[in-house]
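Please look at the model first.

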Amino acid sequence: MKNVLNKAAAWFAVAGGFLALLIAVVTMVNVTAFGLDKLARLFDANVPAIIGYEDFVSMIVSSAALMFFPYCQSRHGHVAVDVFIKMFPTWFARVVDTASGICMTLLALFLGYMMVHGLIEVRSDNTLSAILGWQIWPFYVPGIASMFLWALIAGNQVFERESNV
């Protein structure tokens, strides 16, 4: 189970990285267009920027950012205070580790649950992006999947720790 979850988390992170790269490329093209437009104005011409750039970036960022959370959790990359914890006995470190794992699992479940409600509301309202007119609800799906994968990984780590004690 652990290997499947870790592999899924890695694929989510790769997909999130691809989306982040796409945002960077689109941003570079848009910034270049702004620069070329400044030059073109000297010759009474213009170069248009990407129409709907802000819509595109905001919707893709909302998906991409959340796709890294499961990978972070699988690598224990979330809040860890090793220097502080090393001053206490190992049993205390285990208690803190287990408590933080449970809290992380509950947080991820709560966020996933709230995102499902957000998706339902946005879909029923037929909410569209301001410039491009795209449906917004599909951009919730990667985030929802990420939150529940994050919860599965964090919960699995809690049970894994308890079985190793």
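## Salt bridges

A salt bridge here is a side-chain nitrogen of Lys or Arg within 4 Å of a carboxyl oxygen of Asp or Glu. By this rule the count comes to two in this predicted model.

One joins Glu 160 to Lys 2, with the closest N and O atoms 3.8 Å apart. Glu 160 lies in helix H6 (residues 141-164) and Lys 2 in helix H1, so the pair ties together parts that are 158 residues apart in sequence. Glu 160 is partly exposed, at a relative accessible area of 26%. Lys 2 is partly exposed too, at 41%.

The other joins Arg 41 to Asp 37; here the closest N and O atoms are 3.0 Å apart. Both residues lie in helix H1, four residues apart, about one turn of the helix. Arg 41 is exposed, with a relative accessible area of 52%. Asp 37 is buried, at 9%.

## Packing of H1 and H2

Helix H1 spans residues 2-41 and helix H2 residues 53-64. They pack at an angle of about 160 degrees, and their axes are 9 Å apart. Angles over 145 degrees count as roughly antiparallel, and H1 and H2 are therefore roughly antiparallel to each other. Their crossing is left-handed.

## Contact residues

On the H1 side, the contact includes Leu 19, Leu 22, Ile 23 and Val 26. Gly 16, Thr 27 and Asn 30 are also among the H1 residues. Those they meet in H2 include Tyr 53, Phe 56, Val 57, Ile 60 and Ser 63. The contact residues divide into eleven nonpolar, four polar and no charged.

Note on methods
Residues are numbered from 1 along each chain as its sequence is written. This is a predicted model: local features need pLDDT of at least 70, side-chain atom pairs count only at pLDDT 80 or more; totals for chains, interfaces and linings use all residues. Side-chain values use heavy atoms; hydrogens and water are left out. Axes are lines fitted to C-alpha atoms, for helices over the stretch in contact, and angles run from 0 to 180 degrees between N-to-C directions. Helices (H or I, at least four residues) and strands (E, at least two) are DSSP runs, numbered from the N terminus. Angles under 35 degrees count as roughly parallel, over 145 as roughly antiparallel, 65 to 115 as roughly perpendicular and the rest as oblique. A crossing is left-handed if the near helix is turned anticlockwise from the far one by less than a right angle, and right-handed if clockwise. Contact means heavy atoms within 4.5 Å. Ala, Val, Leu, Ile, Met, Phe, Trp, Tyr, Cys and Pro count as nonpolar, Asp, Glu, Lys and Arg as charged, and the others, Gly among them, as polar. Buried means under 20% relative accessible area, exposed over 50%, partly exposed in between (1.4 Å probe, protein chains only).
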